[in-house]
Amino acid sequence: MLIGDSTYRLVRDEVDAEPVEPLKLKGKAAPTAAWRLLNVTGSAKAARSRATNLFVGRDLQLRLLDDAFRRVMGERTCLLITILGTAGMGKSRLAEEFVATVRDATMLTGRCLSYGQGATYWPLREAVLGAAGLTGDEPADAAEAAFATTLGNSPDTANVVTRLLALAGFDRDAAVPEDVPWAVRVFLEQLARRQPIVLVVDDLHWAQPGLLDVLEHIADWSRESPIMLVGLARPEFYESRPSWGGGKLNATAVLLSALDETATISLVEKHDLPEEVRRRIVDAAGGNPLFVEQMVAMLVDEGHGDFRDGVATWIGGPPASIRWTMPPSVSALLAARIDRLNGDERAIVGCAAVIGTVFYAEAIAALTGTPLPEVRQVLGQLVREELLRAAATDLPGVAAYRFLHVLVRDAAYDGLAKASRAAWHEQLADWLSALHSDAVPDEIVGHHLAAAWEYLVQLGPPTGHMRELADRAARKLTAAAQRLELSDVAAAASLLERATGMFEPDDPYRVECLLSLATQRQELGEIDHAQEALRAAMDAADPRQAVLANVLMCRQNTLTADSRAADIEKVLRLTRWWPPPAMTPASGPRPSR
């Protein structure tokens, strides 16, 4: 079995694979990298990989788990703890760190699967097999003996063993009985008589109702048994199970928010990377430990670094050469999360992504045609699901929100069709323009108009509407550049660069932009780029503009005498001053350029 590059990057922590000779494939110009799959290692290899990462910023949450376990032991009671956090926020790592600190307890683990209709009790199957020292491949009679030995002498042993055999799949002809919650509870209570039990169930957001019923049954009915149930879930888990833990005196939840900047920096500082690269990773990761890890891995994959003992060392070129793209693992993770939203939520998240990392409820209502109260209700739900946050607004009287981090916004934007992006960018520019507020700078309106034009250019042939969009965008960007030319020369040059590409070649206003751009580039010391702009201006200029362009060109001391003479000659030709009248040295003065 062979796997390709993108697949290998996604699963490399879960498999053993070896590279093979690149493949020549139909439809591919260059050979395609491939790996031969040798073995699926499961989570063991991934756990070893995670163990090399620092554990930071979760000391308070770890203490809460430690205190809960002390209460389980001291009061001999059952507690249900739910650890909530978005994907990559460190739920599993926190649980691993907690398990590593626990002594004199039986640790059982199970993971909910995201696929398969018959996987309802899969985490319980993993837990009971682990408790009995089984793998699931043994004969049924050996499994029966192991379960009986684990349970010990009890009036319920025979009945419990029968149900556990069906639960674990040893009795394939028997359906899982309805009283499996009772059987699992009795099994755990029997184990807890010897020493406390900690059962960790990962990915609880994928759990089927039947599994959740079992866990709640144990929490409700277990008494005088030191059992600690720990569920790891994403915040959207409560959508499918809003009553989870409700009304229980022995249930609590712990929410993992994004790491603060200090903790995120400490994750990045262990790697030997340039400071500019570290800062970019910290800013993009938004306090998500997994995103930090995957962005560092992406740099290694792109040939900018090398991993040694879990530490990345910089080996490749200047930081400016990095192509900053979203790691495929992060992209797949966020895209999958957005895909699980319902239709209204997906539409609102997509529209918000067009507006930017910070966006406005009123703008979404205007662009989607959804009543404002409904928009606010959906946004409130997305805040509860740890996808969005309320934000400080820069528009008076307009409620603002922001994405939890920029990579969520990027994933939502990447999932939109170009036609949708174009339409929403244009509508947003119109909405912002209608505000008549000084708080809306020209460059923001110009950016959205330009984005709408660029997508329409990619989608079809030119139209009058596209020409109008380009003209509006270019004039907004130019106006913004004029405002910034004294305070931020680099920003002004960037805006002018974008604007000049949107004018028609023969538009006189384009030449004015090129001349301004040349001035800004020269101010920045970018002489070659300045000359480029001036030559473009001379090629399309009228005589007056050509003279100005050449005067600016001649003022640049980097030009050679010959090239300066050639440029001046071009001015004279454009202004009909060349060639000079025919004269001989004897009959008149020598012509002067």
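A residue is called buried when its relative accessible area is under 20%, exposed when that area is over 50%, and partly exposed in between. The structure described here is a predicted model. Asp283, at 49% relative accessibility, therefore counts as partly exposed.

Asp283 belongs to helix α12, as does Arg279, and the two are four residues apart, about one turn of the helix. They form a salt bridge in which the closest N and O atoms are 3.2 Å apart. Arg279 has a relative accessible area of 30%, so this residue too is partly exposed.

Other positions of the helix are shielded from solvent. Within α12, which spans residues 275-285, the buried residues are Val277, Arg278, Ile281, Val282, Ala284 and Ala285. Among the elements that cover them are the helices α11 (261-269), α13 (289-301) and α18 (406-414), together with the strand β10 (311-314). After α12 comes Gly286, with a positive phi near 60°.

Arg475 is partly exposed because its relative accessibility is 38%, and Asp471 is partly exposed at 24%.

Side chains of opposite charge can pair when their charged atoms come close. Which parts of the chain does the pair of Glu236 and Arg337 link? The side chains of Glu236 and Arg337 meet in a salt bridge with an N to O distance of 3.5 Å. This pair links distant parts of the chain, 101 residues apart: Glu236 is in the loop between β7 (227-233) and α10 (237-240), whereas Arg337 is in helix α14 (residues 328-339). With a relative accessible area of 16%, Glu236 falls under the 20% limit and is therefore buried. Arg337 is likewise buried, at 9% relative accessibility.

Salt bridges also join into a network, which links Asp213, Glu216, Asp220, Arg241 and Lys248. For the structure, the count of salt bridges comes to 27.

The cysteines remain to be considered. How many disulfides does the structure hold? The number is zero. Cys78 is buried, its relative accessible area being 0%. Cys112, at 4% relative accessibility, also counts as buried.

Methods
Residues are numbered from 1 along each chain as its sequence is written. This is a predicted model: local features need pLDDT of at least 70, side-chain atom pairs count only at pLDDT 80 or more; totals for chains, interfaces and linings use all residues. Side-chain values use heavy atoms; hydrogens and water are left out. Buried means under 20% relative accessible area, exposed over 50%, partly exposed in between (1.4 Å probe, protein chains only). Contact means heavy atoms within 4.5 Å. A disulfide is a pair of cysteine sulfur atoms within 2.5 Å. A salt bridge is a side-chain nitrogen of Lys or Arg within 4 Å of a carboxyl oxygen of Asp or Glu.
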